[in-house]
Amino acid sequence: MRQLFSELKPKNKKVKIKLIIFLCLLLFLPSAWLLIMRMEGSKPAVLLELPSQYIGLSTEYKGSVSDPGSGVRKLWIGLLKDGKEVVLKEEEFPSQSFISGGSVNDIPIQMKIEPRKLGIGDGKAIIRIAAWDYSWRNWWHGNRTYLEHEVIIDTKPPEIDILTKNHNISQGGAGLVIYRVSETDAKTGVVVGGNFFPGHSGYFKDGAVFMAFIALDHLQGTDTEIHVEAIDKAGNFVRAGFPYYLKKRSFKKDTISIPDQFLNWKMPEFDIADSRGRQLAGIEKFLAVNSTMRKENADLFASLTGKTGNNLYWKGSFLRLPKSATKSGFADRRSYRYKGKIVDHQYHMGIDLASTAHSSVPAANDGKVVFADVNGIYGKTVVLDHGFGLFSLYSHLSRIMVQKGEMVSRGNILGLTGTTGLAGGDHLHYGMMVQNVFINPLEWWDRSWIQNNITSKIQDIHNGY
Ligand SMILES: [Zn+2]
């Protein structure tokens, strides 16, 4: 028995030690694991989207704080200016439990800064952001992220001073507004109904003077509202009205017959299918070309006007195709007749000039070739940029003799008249645009109209205002 006991005892002791080690491990491992997890050292990620470096009268900020490791404990945002600090946001977030940490891992930031309401004046300032997490580091204060953003507070809207006096614009006609904006880096322009005409600086000695060529679309009424507007980098917006007079114009009505012979001649060069990909033919094809393609072609010309030279390339009146007769007028209301029935209505956005076949087409004025290619119903076309948003276009050419990017002078030959595109006979379709609005070329062929409405205004500014 004693022997047995003595044999058992050491064995029992070993078991006991093993048991104690096992129990210790059982307690220690999770504690060690917990300690490692809860002592994590990754800081909260803070993101603040700054719309620009400027804070205006009221500026919205968006952003986020996230801490996947321990959860977000606290967020603090302040605005520091001239040693004075205003707390914009201070928020603490709940903890789930001591063991598991914070209950929120992602917090969206959305706040509006209105410096005047906070009693903060204009000038340089600093946005300071601090965020803490629920890590046990730093004696349970958590990991801290700290960020600074330098900003400029500007709560004053720019001031607009209109320098031109008379603004008489006809339906389908153009005009010029010259004005001064107190902040030269403001985005500015003239709004005519739903159209925006950007103001361009850099022409006059005073860099704060802007020039905007404007147009009243042929479909806009004489009750159209016009004003200048400017928005600075801080988002401060201002509008200024000025006196103007809008003249009503009547446009000619015209009916065009479409014989089958014309369709057989013209339709093969167009490639147009319906929405199901079916190729169209005959009058059905003509109607698609005349509406859908016409719209696409005009949009292409409009897209060219997004970029314009920051210069007045042109001078004096614009040249009309020499020795030519006017065949169609600007904004003619056209009806199309096929087999005795009216099948379509469109507006004719240029003037058709006919001379002898294959006549040389001169540039109407100095400018830059921004398009020299085929454009659907317009056929072979050249578009000139005359600067500050004024363009002229020459369509249905049989030959193009200039290249895109080339500078041309008034009278330089651009190409020869022809019948390309939707032309039934040799002629030049001459069009003009201010930005993306087609305007009546008649005004620009008229020396006295240009003198009264454009040149004299520019001269007045040069002479001092
Ligand atoms: Zn035409």
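In what sense do S23 and strand S24 pair, and over how many bridges? The pairing is antiparallel, over seven bridges. The views below are taken from a predicted model.

**View 1. Strand S23 with its partners S24 and S21.** Strand S23 covers residues 332–338, and strand S24 covers residues 341–348. Together S23 and S24 make a hairpin, with two residues between them. Lys 339 in the turn has a positive phi of about 50°. Arg 337 has Ile 342 in S24 as its bridge partner. S23 also pairs with strand S21 (residues 253–257), here in the parallel sense and over five bridges. Across this pairing, Lys 253 has Arg 333 in S23 as its bridge partner.

**View 2. An open sheet of three strands.** The strand order is S1-S3-S8, and the pairing is antiparallel. Strand S1 (45–49) and strand S8 (106–113) are at the edges, each with a single partner strand, so one side of each has no neighbour in the sheet. From one strand to the next, the twist averages 15°. S1 is joined to strand S3 (residues 59–66) by five bridges. Leu 47 is found opposite Ser 64 in S3. In a regular strand, side chains alternate between the two faces of the sheet.

**View 3. The largest nonpolar core.** This core has 62 residues, of which Phe 213, Ile 214, Val 382 and Val 434 touch the most other members. Strand S17 (residues 209–215) supplies the largest share of the core, seven residues. Residues of the core come from both domain 2 (160–245 + 457–462) and domain 3 (253–434), so the core lies between these domains.

View 4. Which residues is Ile 214 in contact with, leaving aside its neighbours within four places in sequence? They are Ala 174, Gly 175, Val 177, Val 190, Val 192, Phe 197 and Val 434. A second core is separate and has nine residues, including Val 65, Val 72, Phe 93 and Ala 131.

**View 5. Ser 303 in helix H4.** Helix H4 spans residues 282–304 and contains Ser 303. Is Ser 303 buried or exposed? Ser 303 counts as exposed because it has 11 C-beta neighbours inside 10 Å, and the cut-off for exposed is 12 or fewer. From C-alpha to C-alpha, Ser 303 and His 149 are 38 Å apart in space. In sequence, Ser 303 and His 149 are 154 residues apart.

Terms used:
Residues numbered from 1 in each chain as written. Predicted model: local features only at pLDDT ≥ 70, side-chain atom pairs only at ≥ 80, totals over all residues. Core = buried A, V, L, I, M, F, W, Y, C linked by C-beta atoms within 7 Å. Buried ≥ 20, exposed ≤ 12 C-beta atoms within 10 Å, placed from the backbone. Helix = DSSP H or I, 4+ residues; strand = E, 2+ residues; numbered from the N terminus. Domains from an automatic or database assignment. Contact = placed C-beta atoms within 7 Å. Pairing = 2+ DSSP bridges. Axes fitted to C-alpha atoms, helices over the stretch in contact; angles between N-to-C directions.
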